[in-house]
Amino acid sequence: MTDEVAPGIIRKLWSGETGRFRDHLLRLDTESRRFRFGSAVSPEFIERYASRVFRTGAIVHGCFVDGELRAAAELYPMGDVLPGEAEAAFSVETEYQNHGLGTLLLDRVILSARNRGIRSLFMSCLAHNRRMQQIARKYDAELKFEHDEVTAELVAPFPTALSLAQEAAADAQGMAGAVLQAQRLATGRLLDMFLPAATEPVLEPQ
Ligand SMILES: CC(C)(COP(=O)(O)OP(=O)(O)OC[C@H]1O[C@@H](n2cnc3c(N)ncnc32)[C@H](O)[C@@H]1OP(=O)(O)O)[C@@H](O)C(=O)NCCC(=O)NCCS
């Protein structure tokens, strides 16, 4: 790991946040986009992809640093009724890579999968994506190499009262963080509105 990056807030994204998700994906550099989607993709593709993400039933966790979405993890349960399998995909913006955010997000993804009775979690990446394979290995994933692609399968443990409580606590913490962030933003805007006026020289009456 290189310099520390404050992990900020990790929380589930709401369906009204497709714009933030899209902007995050658009900020990925060319190589990261290729790693994320398995091939080069255009901004138009990303636009369409992001607009559909919540319609697929995906659970998307985001990592916010200074109020900006810098990393995301998508969990796609496979099948409509009581899915036992799911697929996960990760994206961390270039300047934030290798600071532990991908690992933190995988932790959350496993917790969410586990609490939904999902036992098998699949992650696909290009064969030379060593970083993704390394974070999968940390969770004892079984890696299968095929041509230019690697599929990692890891088994999520069964849910327990504690794992359910952990997800509820993480959701509450994420919500509190989002509210604080919104307050900070609103306060900043108010200060921007009033401070310039306050710092203007006061003209003495003649
Ligand atoms: C892959 C990705 C999600 C990982 O997230 P991250 O925040 O960068 O990863 P982390 O910092 O949590 O962990 C990276 C690990 O890889 C290791 N690593 C870094 N470069 C490596 C390399 N070339 N070879 C092997 N391991 C490497 C790090 O040492 C670290 O392991 P450690 O914690 O045991 O030291 C992120 O880099 C990313 O979004 N890349 C572009 C998109 C992508 O590849 N998505 C995955 C396919 S869906």
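Which helices and strands each supply at least two residues of the lining of the largest pocket? They are α2 (30-37), β4, α4, β5 and α5. This is a predicted model. The chain has 206 residues, and buried residues make up 42% of them. An unreviewed UniProt entry annotates residues 8-169 as "domain: N-acetyltransferase".

**Overall layout**

- The chain contains 6 helices and 7 strands.
- In sequence order, the pattern reads β-α-α-α-β-β-β-α-β-α-β-β-α.
- Along the principal axes, the C-alpha atoms of the chain fill a box of roughly 85 × 40 × 35 Å.
- Of the contacts with a separation of 6 or more, 64% join residues 24 or more positions apart.

**Largest pocket**

- The largest pocket holds about 880 Å³ of space.
- Its lining counts 38 residues. Phe-35, Phe-90, Asn-129, Arg-131 and Met-132 lie nearest the centre.
- β4 gives the most to this lining, with 6 residues.

**Nonpolar cores**

- The largest nonpolar core has 32 residues. Leu-75, Phe-90, Val-109, Leu-121 and Met-123 touch the most other members.
- At least two residues of this core come from each of β2 (59-65), β3 (68-78), β4, α4, β5, α5 and β7.
- α4 supplies the largest share, 6 residues.
- A second, separate core has 17 residues, among them Leu-28, Val-53, Ala-58 and Ala-72.
- In soluble globular proteins, nonpolar side chains tend to be buried together.

**Phe-90: core and pocket**

- Phe-90 is one of the core residues that touch the most other members. Phe-90 is also among the residues nearest the centre of the largest pocket.
- Beyond four places in sequence, Phe-90 touches Arg-36, Ala-72, Ala-73, Gly-102, Leu-105, Leu-106, Val-109, Met-123 and Met-132.

**Helix α5**

- Helix α5 spans residues 130-137. Its buried residues are Met-132, Gln-133, Ile-135 and Ala-136.
- These four sit on the same side of α5, because they cover an arc of only 160° around the axis.
- Their cover includes β4 (85-92), α4 (101-115), β5 (120-126), β6 (142-146) and β7 (149-155).

**Leu-105 in α4**

- Leu-105 lies in helix α4. Its relative accessibility is 0%, so Leu-105 counts as buried.
- Leaving out residues up to four places away, Leu-105 touches Ile-10, His-61, Gly-62, Cys-63, Ala-71, Ala-72, Ala-73 and Phe-90.
- Leu-105 and Cys-63 are 42 residues apart along the chain. Their C-alpha atoms are separated by 7.7 Å.

**Val-60 in β2**

- Val-60 has its place in strand β2. Its relative accessibility is 1%, so Val-60 counts as buried.
- Outside four places in sequence, Val-60 is in contact with Arg-11, Lys-12, Leu-13, Phe-21, Val-53, Phe-54, Ala-72, Ala-73 and Glu-74.
- Val-60 and Ser-15 are 45 residues apart along the chain. A distance of 9.3 Å separates their C-alpha atoms.

Technical notes:
Residues numbered from 1 in each chain as written. Predicted model: local features only at pLDDT ≥ 70, side-chain atom pairs only at ≥ 80, totals over all residues. Heavy atoms only, no water. UniProt positions renumbered as here; feature names shortened; annotations may be inferred. Buried < 20%, exposed > 50% of the residue type's maximum accessible area, 1.4 Å probe, protein only. Arc of directions from axis to C-beta. Contact = heavy atoms within 4.5 Å. Core = buried A, V, L, I, M, F, W, Y, C linked by side-chain atoms within 4.5 Å. 1 Å grid on protein atoms, 1.4 Å probe; cavity = no way out; pocket = protein on both sides within 12 Å on 5 of 7 lines; lining within 4 Å. Points joined across faces, edges and corners; volume = space filled by probe spheres on them.
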